[in-house]
Amino acid sequence: MSLPTAAAPTEVRLAHCLLDADGAVLSASRADEPFYAASTIKLHVLLAVLRAAEQGELDLDAELPATCTFTGADGEEFTLSGDHLDPTHPEPGAPIALRDLATRMIDRSSNEATDQLLELVGLDAVAAVVGELGLTATRVERLIGDASALERGLTNETSAADLARTMHHLVAGPGLSDDSHELALAALHAQTIPIIATVLRDGVRWGSKPGWVDGYRHDVAYVEDPAGAGRRILAVMTAGLAEDEADARITALATELLPGLTA
């Protein structure tokens with residue numbers, strides 16, 4: 001059984017934003033349009049967690065019991081089930097470090113890890129980093145799988161431009177320590193469900209965070225060739241396409257926009 005997510009889109013849309021190593025826009029189309037974010041909001045959660053750790057509010061090495069039960073917008077508990085569960089996640093009650101939760105949230109898109117970190121850091125903290133970065137289309141208003149929040153109209157949205165800026169900040173932006181950048185880069189590079197990276201040539205370093213639910217499929221990646229053009233950041237968002245077609249559109253765009261970096 002799957003918990004509810006978002007209504008399927010009624011039209012086909014494709015948006016992208018490509019940044020250079022300094023964060024300047026190289027190419028964009030419909031980049032400021034909001035899309036249902038799916039798991040790409042985990043980048044914003046990661047940024048809030050890293051900020052909280054640097055401010056001494058969280059200890060990334062601290063352990064706490066793993067859980068898949070959380071408090072919804074109505075104050076009642078809900079438990080993730082079905083497709084929301086990561087079969088490799090520790091059993092409820094088993095100890096897990098916050099650092100490992102942060103990594104699992106990114107490299108295997110664990111919803112249990114995401115909701116546990118969101119409860120720890122708070123939605124307001126995520127909203128604060130969204131505001132600091134000037135992300136005009138991004139809203140992180142609920143935990144993943146919270147049916148009561150969905151009934152209230154609360155959602156999670158972002159845009160291709162906002163995703164690209166968030167990725168740029170995580171891997172190279174000011175305001176984060178070297179340790180935070182290193183954790184983010186390692187988690188992104190360990191991505192187990194890449195889309196853009198599937199067409200990159202050997203030797204190109206990359207890290208990414210995809211997101212998907214029925215009717216929406218996205219990916220944002222940093223790519224860099226030490227002997228070539230340096231780092232690029234590409235975000236592509238799709239709506240209204242089947243999974244195979246969405247992947248084909250995303251990878252075709254990556255091949256077009258990343259010359260010399262794709263196979």
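**Close-up views of a predicted model**

View 1. Phe70 counts as buried because its relative accessibility is 1%, where buried means under 20% relative accessible area, exposed over 50% and partly exposed in between (1.4 Å probe, protein chains only). Phe78, at 12% relative accessibility, also counts as buried. The structure is a predicted model, in which local features need pLDDT of at least 70, side-chain atom pairs count only at pLDDT 80 or more, and totals for chains, interfaces and linings use all residues. Residues are numbered from 1 along each chain as its sequence is written, and side-chain values use heavy atoms, with hydrogens and water left out.

**View 2. Aromatic pairs.** Rings of Phe, Tyr and Trp (its six-membered ring) pair if their centres lie within 6.5 Å; planes under 30 degrees apart count as stacked, over 60 as edge-to-face and the rest as tilted. The count is two aromatic pairs. The ring centres of Tyr36 and Tyr216 lie 5.7 Å apart with planes at 55°, so this pair is tilted. Tyr36 belongs to strand E3 (residues 35-36) and Tyr216 to strand E11 (residues 216-225), so the pair ties together parts that are 180 residues apart in sequence. Tyr36 and Tyr216 are both buried. For Phe70 and Phe78 the ring centres are 6.1 Å apart and the planes are at 50°, so the pair is tilted.

**View 3. The fold around these pairs.** The protein has eight helices and 12 strands, taken as DSSP runs (helices H or I, at least four residues; strands E, at least two) numbered from the N terminus. Buried residues are 54% of the 263 residues.
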